[in-house]
Amino acid sequence: MIDVFVQTITDLWQESGLAAMQWQNWVMIAISFVLVYLAIVKGFEPLLLLPIAFGMFLTNLPMTEMFHMDYFVNKEIDFGQVMQNGGLLDYLYLGVKLGIYPSLIFLGIGAMTDFGPLIANPKSFLLGAAAQLGIFVTFVGAVMLGFSPEFAAAIGIIGGADGPTAIYVAKSLAPTILGSIAVAAYSYMALVPLIQPPIMKLLTTKKERMVVMKQLRPVSKTEKIVFPIAVTLIVSLIVPSAAPLLGMLMLGNLMKESGMVDRLVKTAQNELMNIVTIFLGVTVGATATADYFLTPQTLKIIVLGLIAFGFGTAGGVLFGKLMYIFTKGKVNPLIGSAGVSAVPMAARVSQRVGAEANPTNFLLMHAMGPNVAGVIGSAVVAGVLLAIFA
């Protein structure tokens, strides 16, 4: 009787997660708790950082069989393996691997964003393009550090300051480091108010920061309706790989500006966006397993991500300085920093830094032009990278 009892206890222990716990699991769980702390206590991008952190927590609990990274490391998905042996997060992760969640996030962004400032000042496209400098600088740096071109492209896209775009590229080009890229991208997006101001002040003079820009012209409803259709047509014909992200972005905006489908717009802005955010965050966090996350390349990715943000901000500001010179002081260079596509956070940072130099200055609407252009620019660059390396 005693032997049976001992054997039962032994079997229960061997079947428990505690018996399978290794130091790597404890480290990853500790990291997930740090991210939970940053999301809840510090308020760093909580809407995505909290689900990512909990997904990381779940995937590193042994014996739960909720997620199997090995099913997704190849470009081709083994659907038979997923359907037969997959867990809950395996099924949900198909939305990432198939590019569904990032595209739906872009639909919601489009439904919430006013493209008016960009239409009123088309020169903002140049600032948005200049801010993509961080992507290309980081791509070169990653290759020099020994990453493959595919991995380097996925790491470089962090410089676009656009989490869904980074995920969209990484899931195709570098699925094994998707977790590291997502954590870096969203962490730095949350730190935009801390990262950007020192770079902006270093590259500009107080005189430049004090420039007051004239009010933007009114934009007609016809322009706002034609714009998303025209951009989708032109960009999709030139860079077809960008069509899924850009098409959904423009569809959301077209629904908003049409004024005819308020129910769909509210759904895209709220219910759909919230549901997809949960699924995206949890499943992306689940890719951060100990085997793939606790490697020297994760540290390199985090450092390269910071470099990407820095150069992206610098690229926008420096091009803004050129516009300041060519327009004889009519453009405030600070709006160039909003060319990274962290909407609308980067535009608010431009407003704040400008107001510090000149309390009467109001740059927010001027900065929204480059900010929206940055969203479009990062999607286009993502399409180019996928066309070349996928």
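Tutor: Let us begin with a definition: buried means under 20% relative accessible area, exposed over 50%, and partly exposed in between, with a 1.4 Å probe and protein chains only. This is a predicted model, in which local features need pLDDT of at least 70 and side-chain atom pairs count only at pLDDT 80 or more, whereas totals for chains, interfaces and linings use all residues. Residues are numbered from 1 along each chain as its sequence is written, and side-chain values use heavy atoms, with hydrogens and water left out.

Student: Why is lysine 266 called exposed?

Tutor: Lysine 266, which lies in helix H18 (residues 262-269), has a relative accessibility of 53%; exposed means over 50%, so lysine 266 counts as exposed.

Student: How do you know that lysine 214 is exposed?

Tutor: Its relative accessible area is 73%, so lysine 214 is exposed by that criterion. Lysine 214 is found in the loop between helix H15 (206-209) and helix H16 (221-238), helices being DSSP runs (H or I) of at least four residues and strands (E) of at least two, numbered from the N terminus.

Student: What makes the chain as compact as a globular protein of its length?

Tutor: The chain comes to 23 helices and zero strands. Its radius of gyration is 22 Å, close to the 21 Å that the globule rule gives for 390 residues, so the chain is as compact as a globular protein of that length; the radius is taken over C-alpha atoms, and the rule is 2.2 Å times the number of residues to the power 0.38.
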